[in-house]
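Please walk through this structure with me.

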Amino acid sequence: MDLTATWAVTSEPDRFAAHARDGIAPLLDWSPTEDAGNVRAPWGVLGCRQIDLDASAELVQRWAKADGPPLLLIGVFDSDGADVVSYGSTGASRTFIDLEGYASSIFPGYAPFDDEGNMLEGAAREELEKRSELEFNRVCAMLRDHSSPATVAAAALRDWALESGLAVEPVERIKELLGRRDVFVEDTVWALLAALGVRAS
């Protein structure tokens, strides 16, 4: 499926779309998505076919300054992992669904070829694999430094849903979903939205 997109989950989808249009590139053009299934009114899920960690954080800040209601931004990267940012009265919280999957889309590894296109072998191949592992671990560490662990994030998402007046499932269920690894991470995202009470399961 290899989907790359950002979804905005809000009780004021029309207002959010108009607000974002004058906002932070590349997250400018939003439209309703049918992928979310049965979303409970007045909630809506808008999609943007772009993804950007910094832009999503700035967009949440602009929405807060505009006195927008609680907002959830979910960025899916190549169907491998998802960035989840919740905003409510207590501030913003970021976490990842399958952080390593998300990191693998940012850094898929160095190609095992020399400058002439020949396949590396032996010690040269081993050295490249070590460099790839170090860089992948660096990317994972960077993502962890800019996000909350699952226990903290699950509580923040539970609080976000309660503030929004939604019938949310227990925090243990949310934590379980944040740690789940589906073939397509968007399947986990839809399950998370159901657990938060945004969509009918």
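The mean pLDDT of the protein chain is 91, and 99% of its residues reach 70 or more. Here pLDDT is the predictor's confidence in each residue, from 0 to 100. Helices (H or I, at least four residues) and strands (E, at least two) are DSSP runs, numbered from the N terminus.

This is a predicted model: local features need pLDDT of at least 70, side-chain atom pairs count only at pLDDT 80 or more, and totals for chains, interfaces and linings use all residues. Residues are numbered from 1 along each chain as its sequence is written, and side-chain values use heavy atoms, with hydrogens and water left out.

Six strands form an open sheet in the order 2-3-1-4-5-6, and the pairing is antiparallel. Two strands pair if DSSP finds at least two bridges between them. Strand 2 (31-32) and strand 6 are the edge strands; each pairs on one side only. Strands of a sheet pair through backbone hydrogen bonds, either parallel or antiparallel.

Follow the pairing toward strand 6. Strand 4 and strand 5 pair in the antiparallel sense over seven bridges. Within this pairing, Gly75 has Asp83 of strand 5 as its bridge partner. Strand 5 and strand 6 are also antiparallel, over seven bridges. They form a hairpin with two residues between them. Here Val85 is bridged to Arg94 of strand 6.

Is strand 6 largely enclosed or largely open? Five of the seven residues of strand 6 (residues 91-97) are buried, so the strand is largely enclosed by the rest of the structure. Buried means under 20% relative accessible area, exposed over 50%, and partly exposed in between (1.4 Å probe, protein chains only).

Thr95 lies in strand 6. Thr95 is buried, with a relative accessible area of 5%. Its side chain reaches the backbone oxygen of Ser148 at 3.2 Å. Thr95 also touches Ala82, Asp83, Val84, Ser147, Ala153 and Leu178, among others, not counting residues up to four places away in sequence. Contact means heavy atoms within 4.5 Å.

Helix 5 lies across strand 1, strand 4, strand 5 and strand 6, at about 50 degrees to strand 5. Helix 7 lies across strand 1, strand 3 (44-48), strand 4, strand 5 and strand 6, at about 165 degrees to strand 4. Axes are lines fitted to C-alpha atoms, for helices over the stretch in contact, and angles run from 0 to 180 degrees between N-to-C directions.

Leu72 touches residues including Trp7, Val9, Val85, Leu157, Trp160, Leu193 and Leu196.

Finish in helix 2, the place of Ala57. Ala57 counts as partly exposed, at 26% relative accessibility.

Methods
Polar contact = N/O pair within 3.5 Å; in protein donor to acceptor, adjacent residues only side chain to side chain.
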